[in-house]
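Thanks, everyone. I'll take one model today and walk through it piece by piece. Please have a look at it first.

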Amino acid sequence: MSSKKTTVPFAGTKEQEEALKKVIAENKGEKGALMPIMQKAQDIYGYLPIEVQTMIADGMGIPLEKVYGVATFYSQFALNPKGEYQISVCLGTACYVKGSGDVYAKIEEILGIKGGECTSDRKFSLDACRCVGACGLAPVMTINGEVYGKITPGEVKGILEKYM
């Protein structure tokens, strides 16, 4: 299991930067523009790394701390990129009691990432959720919305191999 935090280098393009600058210029003077600008920035980049937050802060003439505060307060914003295959493991009560914590740990071990992170090749990202509404299938994980129920840590590798 990897002990160091996996980081995916920022790979923004000039086109993305120009698109963001245009959004900031169009909305800069409007009251309450920060959230819509951040939402559009996330649409452009797929997430809000510190480099994008800095562009927003500089472009709007506001402290980076304010942008970061909004980005970390609202769950709609992601600070890390999402993988091509987005894995979500339910850690709600029914799933947790039936072993979803062990399933989650096994995924972390196999992929070498922690929750909220993305593999360096951007193939997989891992998150926890609280309930997918399939408690009768506990423990449950989803990959891009496809539900896998009654899974054990021993089955995780075989499931992930379908996507590798």
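**An exposed threonine, a sheet and a helix pair**

Start with Thr93: its relative accessibility is 66%, so it counts as exposed. The cut-off for exposed is over 50%. Keep in mind that this is a predicted model. Thr93 belongs to helix H5, residues 93-97. Now look across to Cys131. In sequence, 38 residues separate Thr93 from Cys131. In space, their C-alpha atoms are 8.4 Å apart.

Next, the sheet. What is the strand order? It reads E2-E1-E3-E4, an open sheet of four strands with mixed pairing. E2 and E4, the latter covering 146-148, stand at the edges. Each has a single partner strand, so one side of each has no neighbour in the sheet. On average, neighbouring strands here are turned by 20° against each other, ignoring direction.

Let's go to strand E1, residues 85-90. Is E1 mostly covered or mostly open? Mostly covered: five of its six residues are buried. E1 runs parallel to E2, residues 124-129, and six bridges join the two.

Now turn to E3, residues 141-143. E1 pairs with E3 over three bridges, in the antiparallel sense. Ser88 has Thr142 of E3 as its bridge partner. Val89 stands opposite Met141, also in E3. Then there is a helix on this sheet. H7, residues 153-161, packs there and touches E1, E2, E3 and E4. The direction of H7 makes about 15° with that of E3.

Two packed helices are described by the angle between their axes and the distance between the axes.

So, the helix pair. H3 spans residues 50-60 and H4 spans residues 64-73. Their axes come within 8 Å and cross at roughly 125°. Why call them oblique? Angles of 65 to 115 degrees count as roughly perpendicular and those over 145 as roughly antiparallel, and the H3 and H4 pair is therefore oblique. The crossing of H3 and H4 is right-handed.

Which residues make the contact? From H3, they are Ile50, Gln53, Thr54, Ile56 and Ala57. From H4, they are Leu64, Val67, Tyr68 and Ala71. By type, the contact of H3 with H4 has seven nonpolar residues, two polar and no charged.

That's the tour. Questions, please.

Definitions and conventions:
Residues are numbered from 1 along each chain as its sequence is written. This is a predicted model: local features need pLDDT of at least 70, side-chain atom pairs count only at pLDDT 80 or more; totals for chains, interfaces and linings use all residues. Side-chain values use heavy atoms; hydrogens and water are left out. Axes are lines fitted to C-alpha atoms, for helices over the stretch in contact, and angles run from 0 to 180 degrees between N-to-C directions. Angles under 35 degrees count as roughly parallel, over 145 as roughly antiparallel, 65 to 115 as roughly perpendicular and the rest as oblique. A crossing is left-handed if the near helix is turned anticlockwise from the far one by less than a right angle, and right-handed if clockwise. Contact means heavy atoms within 4.5 Å. Ala, Val, Leu, Ile, Met, Phe, Trp, Tyr, Cys and Pro count as nonpolar, Asp, Glu, Lys and Arg as charged, and the others, Gly among them, as polar. Buried means under 20% relative accessible area, exposed over 50%, partly exposed in between (1.4 Å probe, protein chains only). Two strands pair if DSSP finds at least two bridges between them.
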